[in-house]
Amino acid sequence: MLNWSVIKRSSQLTDKVLKLLSIISVGFMEVNPYRRQEGNKNKRTDVNKEQSIAAPEEHLKLAVQVLTSKSCSEEGLEDATALLFNLSNCPDPSRQLILKLLLEGAMELANVVCDHIKDLLMEMKVLNRELRRNSVEEQPSTSTGGSRWVLLDRYVFTNESVVITAPSKVKAGSDLQLPSMAALVSKTSSQAFFLRILKVIVQIREAVRLVNNKKTSNQNSESSVDTGNTNQVSESGEDKLPLLSESLVLDHLWETLSACLLELEYTPDQHAVLVLQPAVEAFFLVHSSSSTSRYRHLNTNTENREVVPDLTPVSPIYSDNEGTSQSEAAINTSWDIQPPPQKTLPPDQLKFLKFAETHRTVLNQILRQTTTHLADGPFSVLVDHTRVLDFDVKRRYFRTELERMDEGIRREELAVHVRRNNVFEDSFRELHRRNADEWKNRFYIVFEGEEGQDAGGLLREWYVIISREIFNPMYALFTVSPGDRVTYMINSSSHCNPNHLCYYKFVGRVIAKAIYDNKLLECYFTRSFYKHILGILVKHTDMESEDYSFYKGLVYLTEHNIADLGYELTFSTEVNEFGVNDVRDLIPNGRNIVVTEETKLEYIRLVCQMKMTGAIRKQLNAFLEGFYDIIPKQLISIFNEQELELLISGLPNVDIEDLKANTEYHKYNANSLQIQWFWRALRGFDQADRAKFLQFVTGTSKVPLQGFAALEGMNGIQKFQIHREDRSTDRLPSAHTCFNQLDLPVYETYDKLRTNLLKAIHECSEGFGFA
């Protein structure tokens with residue numbers, strides 16, 4: 001009937017026929033090939049019967065042509081999809097034939113979609129040229145052309161930007177409307193049908209994979225009885241289905257899509273990217289549906305991928321078990337001065353990650369405007385690659401996951417009675433024996449001797465008070481970092497407090513509970529402490545704020561031959577734990593192994609990690625145990641250390657004029673052209689960007705209460721400094737957080753200064769010359 005001319009001419013008739021066929025085809029799903037075994041018939045004859053039943057190719061081709069020719073409405077599209085999926089439950093020849101026809105149809109539609117995107121690309125290029133021409137004319141007063149609501153990542157060696165907030169409003173009249181968009185946005189566009197075909201293909205491939213796995217398991221069971229050899233059969237079964245990207249070679253489409261997304265990135269209309277959302281989803285389906293599952297399978301059989309087991313600080317070598325096993329030593333070798341070597345990933349996986357990195361801005365704009373939860377939608381694969389997600393997208397996913405964890409659980413109120421002058425001790429007494437589920441209840445704060453009823457205000461006040469009491473020197477839990485005298489680190493001498501480990505577990509729960517309740521704390525910790533929470537291995541650069549003299553010794557060691565030291569170094573170090581000095585081996589029998597010029601970088605890596613964790617391993621374990629009781633480590637680890645600080649402490653208000661009034665110049669002056677360009681660029685940043693810059697040059701986003709005149713460094717009050725860097729204008733700006741110092745090269749143009757400043761914050765915020 002689908003081939004009748006009268007049906008083809010009417011989309012309404014086509015829809016009705018598809019509806020009828022989809023209902024009839026439901027019966028195919030009820031056909032169970034194993035019913036034929038009820039009469040104790042031979043299984044081998046069943047297979048032959050099953051293979052003998054196959055739908056005619058010309059009939060299947062008609063069903064696929066409905067999709068490729070777009071001869072039905074949106075409702076008909078749903079029915080055609082259901083029809084093909086139901087038919088895929090037929091015997092294997094029909095299933096393979098449907099797949100083959102769908103792949104051919106997808107290739108045809110891909111060419112049409114590519115042409116439509118090319119038309120949009122040409123119009124976008126013309127539009128962007130006009131926008132750039134207009135922006136150049138208006139540039140003298142402001143420089144907001146490249147300013148985005150982006151917080152560039154200070155802490156990692158990746159091309160990664162972190163968006164804190166998205167623009168809340170789009171300027172009136174900035175909606176992008178181009179003639180070529182009509183062919184892409186209609187409900188029956190080639191783009192929509194192309195995406196639907198791909199979804200059907202993925203569903204059918206999944207059905208084929210399940211059938212193959214069932215056959216493989218049956219063959220394995222038979223061969224294990226006969227020969228005991230199962231490896232060969234299982235391997236062949238796994239490789240029967242090629243990757244979808246190998247079956248669909250659409251490089252021309254993805255290249256065109258990528259070029260168009262780059263053009264859309266610069267449009268003032270934040271919603272314009274939604275025009276190509278189906279095509280972006282199509283790319284994800286093709287490159288992530290099969291490759292990521294295989295990638296995950298590989299990862300489960302290999303070493304952990306940047307995941308540290310729960311309740312362990314930073315590195316397994318600092319567990320409570322003494323000594324270092326060979327497996328632990330192997331894990332340690334991945335912690336290095338330079339970025340760890342890239343794992344060998346399948347080409348399909350590399351292509352997917354490159355696309356996500358290149359179009360991170362556009363991708364996050366799409367995610368920001370979708371109402372579907374990230375873990376449920378077409379971009380669910382990004383849950384395993386959160387480094388390409390902006391902070392606000394991560395935070396929304398994080399909060400939704402927390403809500404899902406409590407789904408179906410009724411939370412009661414938990415009264416906490418405290419005296420205002422003894423909040424920490426009273427809270428500890430009331431809560432430390434409560435289990436993790438009770439901590440997730442809503443705290444109802446009662447200040448004894450006061451009549452206030454807690455409708456939320458007393459809880460906020462309780463968080464403010466207890467976040468200050470955490471750092472009370474009387475409890476000896478945390479000490480101010482000597483590097484910046486602002487952030488806090490675990491006190492290695494906390495053993496003077498006999499209850500310190502219980503207190504650390506309590507503090508871990510308090511901080512996690514504040515995140516759980518979406519409340520902000522006045523807590524600012526060192527970079528290494530945030531890394532401990534996230535399970536990220538600490539690096540040599542983290543030592544600068546914790547022990548600057550030791551850090552300078554490492555700089556000297558890297559810049560000179562080890563023979564110039566005048567004494568012999570071994571792979572061991574002295575650690576003070578609980579007031580007792582103890583010599584620890586960095587590697588097995590390390591105290592008897594001499595450090596050489598070839599192994600000195602490995603020594604630096606290991607000694608830094610031991611220095612920053614060896615003396616506080618028990619305190620750290622206690623804190624993390626409490627923290628992970630409330631928030632699972634796997635969930636909190638989607639953030640990086642910079643984002644975690646903002647999650648705990650919030651976004652500050654950075655006054656650029658106050659910072660400028662309290663800035664010192666070295667080999668520059670306030671009228672230098674580069675200095676004027678610098679302040680012009682900084683004024684173009686929004687508050688999120690300014691907070692990131694503050695993290696870059698001072699090590700924390702905290703703004704002094706008295707303003708930047710009270711900014712502190714390792715030697716006390718230390719104003720922000722800008723030093724002239726005369727070596728080369730090809731170098732990027734660098735920072736020294738202990739001195740609140742920015743080294744700024746003498747760039748020739750404003751654009752180069754701004755670009756390199758962002759790139760420095762973006763990529764090269766760590767390190768002292770090891771790259």
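Helices (H or I, at least four residues) and strands (E, at least two) are DSSP runs, numbered from the N terminus. Helix axes are lines fitted to C-alpha atoms over the stretch in contact, and angles run from 0 to 180 degrees between N-to-C directions.

The structure is a predicted model in which local features need pLDDT of at least 70 and side-chain atom pairs count only at pLDDT 80 or more, while totals for chains, interfaces and linings use all residues. Residues are numbered from 1 along each chain as its sequence is written, and side-chain values use heavy atoms, with hydrogens and water left out.

The protein contains 32 helices and 14 strands. Of its 771 residues, 51% are buried (under 20% relative accessible area, 1.4 Å probe, protein chains only). Among contacts (heavy atoms within 4.5 Å) between residues at least 6 apart in sequence, 74% join residues at least 24 apart.

Helices H19 and H22 pack at an angle of about 90°, with axes 11 Å apart. H19 is therefore roughly perpendicular to H22 (angles of 65 to 115 degrees). The residues that meet are as follows.

| Helix | Contact residues |
|---|---|
| H19 | Phe424, Glu425, Ser427, Phe428, Leu431 |
| H22 | Cys502, Tyr503, Phe506, Val507, Arg509 |

By class, this contact has seven nonpolar, one polar and two charged residues; Ala, Val, Leu, Ile, Met, Phe, Trp, Tyr, Cys and Pro count as nonpolar, Asp, Glu, Lys and Arg as charged, and the others, Gly among them, as polar.

Helix H17 (residues 360-369) has seven of its 10 residues buried, so it is largely enclosed by the rest of the structure. Its buried residues include Arg360, Asn364 and Gln365, together with Val362, Leu363, Ile366 and Leu367.

Methods. Parallel < 35°, antiparallel > 145°, perpendicular 65-115°, else oblique. Buried < 20%, exposed > 50% of the residue type's maximum accessible area, 1.4 Å probe, protein only.
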